[in-house]
Amino acid sequence: MTQETTQEVMQRSLTFLPVNSETKKRIESDCYVEGYATTFDKYVLMERDGRKIYEEVARNAFDQTDMSDVLFQFDHDQFVYARTGNGSLGIEVDDHGLFIWADLSRTSRARQLYEDIQAGNITQMSIRCRAATSFDGETQTIERVSKLIDVSAVSIPANNHTEIIARKVNEYDNERKRKKLALKLKVNTER
């Protein structure tokens, strides 16, 4: 039995891998970050009584989403570090998920968040949105996102398929290779 709830405000976290990213920055900034705020990969949302409940974002969920003024925050709380409305945040949907890039050089608070991301203290991302969902008894699917409220760097994500990194152009290729190798090692040890 499929049950649908419309316009529910949802907050989900993921770990991002810089897949299909260009080798150069999207905007010029000394405090540049990029990542996937969400992906289309199915992930475990929770475990209840030994049973896994999954969640996934439909590939067309962002087709008609209002992204006119999206905020970039930390843990979806208080401060705004960048936003699409002033050009310090960019967002695009690609084959892997919701890709973001941001300039965190405009305020001292934003530069401090950049330093935490660069140091590896903050490595994951999350979204908050208004969404219509469906549930088939095993998987909750985010079918349509009507409004993207914010993308956040987070300390604890719900989905470990997202990540955020601070990078310089010459460091990007090495970081991508290191993450691919780490992912391969993780997959091989789980078998």
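Contact is taken here to mean heavy atoms within 4.5 Å. The structure described is a predicted model. In this model, the secondary structure of the protein chain comes to 2 helices and 11 strands, and from the N terminus on the elements follow the order β-β-β-β-β-β-β-β-α-β-β-β-α. Of the 191 residues in the protein chain, 45% are buried. The accessible surface of the chain comes to about 10300 Å², with carbon and sulfur atoms accounting for 43% of that area. Among contacts between residues at least 6 apart in sequence, 72% join residues at least 24 apart.

An open sheet is formed by 4 strands in the order S7-S8-S2-S11, with antiparallel pairing. Strand S7 (89-93) and strand S11 (163-166) are the edge strands, each pairing on one side only. From one strand to the next, the twist averages 15°. Helix H1 (residues 108-118) packs on this sheet, where it touches strand S2 (32-39) and S11; the direction of H1 makes about 105° with that of S11. Within the sheet, S7 and strand S8 (residues 97-103) run antiparallel and are joined by 5 bridges. Leu89 has Ala102 in S8 as its bridge partner.

The largest nonpolar core contains 34 residues. Those with the most contacts inside this core are Val33, Phe72, Leu89, Ile100, Leu104, Ile117 and Val151. Two or more core residues are given by each of S2, strand S6 (77-83), S7, S8, H1, strand S9 (124-135), strand S10 (139-154) and S11. The largest share, 5 residues, comes from S10. When neighbours within four places in sequence are left aside, Val33 is in contact with Phe72, Ile100, Trp101, Ala102, Leu104, Tyr114, Ile117, Ile164, Ile165 and Ala166.

The residues of H1 were next considered according to burial. Ala110, Leu113, Tyr114 and Ile117 are buried in this helix. Seen down the axis of H1, the buried residues fall within an arc of 105°, so they line one face of the helix. The cover over these buried residues includes S2, strand S5 (71-74), S6, S10 and S11. Ser108, Gln112 and Glu115, by contrast, are exposed and lie on the face of H1 turned away from its buried side. H1 is followed by Gly120, which has a positive phi near 85°.

Note on methods:
Residues numbered from 1 in each chain as written. Predicted model: local features only at pLDDT ≥ 70, side-chain atom pairs only at ≥ 80, totals over all residues. Heavy atoms only, no water. Pairing = 2+ DSSP bridges. Axes fitted to C-alpha atoms, helices over the stretch in contact; angles between N-to-C directions. Core = buried A, V, L, I, M, F, W, Y, C linked by side-chain atoms within 4.5 Å. Buried < 20%, exposed > 50% of the residue type's maximum accessible area, 1.4 Å probe, protein only. Areas by Shrake-Rupley, 256 points an atom, 1.4 Å probe, with all protein chains shown as cover. Arc of directions from axis to C-beta.
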